[in-house]
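Biologist: Could you take me through one part of this model up close? I'd like to start from a single side chain and see what surrounds it.

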Amino acid sequence: MNDFFDSRVRTDDVADTQAWLQEQYGRVDVLAERASIAEHAVGDAAFALRHLTWDCRAEIVYEADRFYFATSNPGFSWTIGSESGDYSVEPGIVQPGRELIGRPIDTTVQLVAFDAEWLSETARTIYGDETLVARFSGTGPVSRRLGEYWLATLRWSLTQVPLLAEPLVRAHVRRALAAATLEAFPLVGDARERRASALEQATIYTAATSWIDDHASLPVTVDDAARAVGTSATGLRRAFAANGQLASSPEEYLSAARLSAAHADLLDADAGYASVAEVAARWGFADPDAFVRSYVEVYRVAPQRTLER
């Protein structure tokens with residue numbers, strides 16, 4: 001099921017502005033005789049990027065049902081409990097169940113929204129902690145440097161908006177934003193322990209990909225790779241889930257490594273002495289038809305064409 005959405009709204013009528021804002025964001029009072037609002041929202045059930053332009057003065061009272069991370073031009077002050085600030089000074093968090101009082105005045109706001117359970121699941125994968133629940137101990141970034149890192153990731157993500165209808169692009173952007181968010185904002189728990197766990201998984205991932213690259217021509221399995229790098233098959237899959245940008249599982253990486261090696265062989269082979277089936281079998285593809293399908297999906301050309309180039 002495709003839950004992707006890409007929606008836009010713009011209204012210059014005060015009553016319509018008020019009604020739409022209340023529908024989207026709870027209690028809102030537009031404090032102007034003339035007002036307009038525009039929003040572009042793109043994402044899916046797990047996350048969304050929202051760009052809002054407020055050409056008015058308003059007061060919002062909003063109880064969040066998911067995580068929101070916001071930055072703005074000058075003109076958006078906020079209060080959450082006893083804390084207050086301005087999203088133009090530093091990016092900030094609104095956590096599920098917390099009430100935000102926002103006061104936008106002729107400003108533009110960028111929002112990243114995450115489903116709470118999805119963000120927790122992602123944090124568990126990244127840090128290797130099955131008990132972790134995403135919750136933050138403050139309303140702003142851990143440091144100015146990490147705040148700038150998060151803003152840079154957001155700016156890059158916005159350049160990908162035209163491509164977000166593609167599931168793989170969307171997954172990559174969603175994961176990059178989540179990883180930046182979990183590092184930049186004060187996630188509850190021991191940060192040193194989380195980083196040690198993440199470093200261990202990254203080390204396992206790097207060692208495993210190197211071993212698989214070196215042994216892809218042999219009849220090796222994921223269990224062999226796990227033993228070679230000193231972990232279990234479960235641990236290896238966790239490391240790939242946390243770090244794999246090109247492949248999210250060791251099985252997928254092994255298949256991709258063999259496909260890449262077969263491609264290189266086809267480029268080097270003489271069509272008068274080799275066949276696609278022979279090259280496929282050499283790299284562990286027992287079903288020639290399945291090899292052709294996988295090859296075409298990656299290289300956009302039939303392997304026979306590569307062999308005969």
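**Around Gln-95**

Modeller: Gln-95 sits in the loop that runs between β8 (92-94) and β9 (99-114). Keep in mind that this is a predicted model. Is Gln-95 buried or exposed? Its relative accessible area is 8%, and since anything under 20% counts as buried, Gln-95 is buried.

So what does Gln-95 touch, once its neighbours within four places in sequence are left aside? The contacts are Ala-64, Arg-66, Phe-67, Arg-135, Phe-136 and Gly-138. With one of them, Arg-135, there is also a polar contact: the two side chains are joined at 3.4 Å.

Two other names on that contact list, Phe-67 and Phe-136, lead us to the aromatic rings. Ring pairs link Phe-67 and Phe-136 into a cluster with Phe-69, Phe-114, Trp-118, Trp-150 and Phe-185. Across the model, the count of aromatic pairs comes to 16. Take Phe-69 and Phe-136: their ring centres are 5.7 Å apart and their planes stand at 80°, so this pair is edge-to-face. Phe-69 belongs to strand β5 (residues 67-72), whereas Phe-136 is in the loop between α2 (116-127) and α3 (144-159), so the pair ties together parts that are 67 residues apart in sequence.

For another ring pair, look at Tyr-205 and Phe-240. Here the centres are 4.9 Å apart and the planes are at 70°, so this one is edge-to-face too. Tyr-205 is in helix α5 (residues 191-215) and Phe-240 in helix α7 (residues 233-243), so parts that are 35 residues apart in sequence are tied together. Tyr-205 counts as buried at 15% relative accessibility, and Phe-240 counts as buried at 0%.

The charged end of Arg-194 sits over the ring of Tyr-127, 5.5 Å from the ring's centre.

Notes
Residues numbered from 1 in each chain as written. Heavy atoms only, no water. Helix = DSSP H or I, 4+ residues; strand = E, 2+ residues; numbered from the N terminus. Buried < 20%, exposed > 50% of the residue type's maximum accessible area, 1.4 Å probe, protein only. Polar contact = N/O pair within 3.5 Å; in protein donor to acceptor, adjacent residues only side chain to side chain. Contact = heavy atoms within 4.5 Å. Phe/Tyr/Trp six-rings, centres within 6.5 Å; stacked < 30°, edge-to-face > 60°. Lys NZ or Arg CZ within 6 Å of the ring centre and 35° of its normal.
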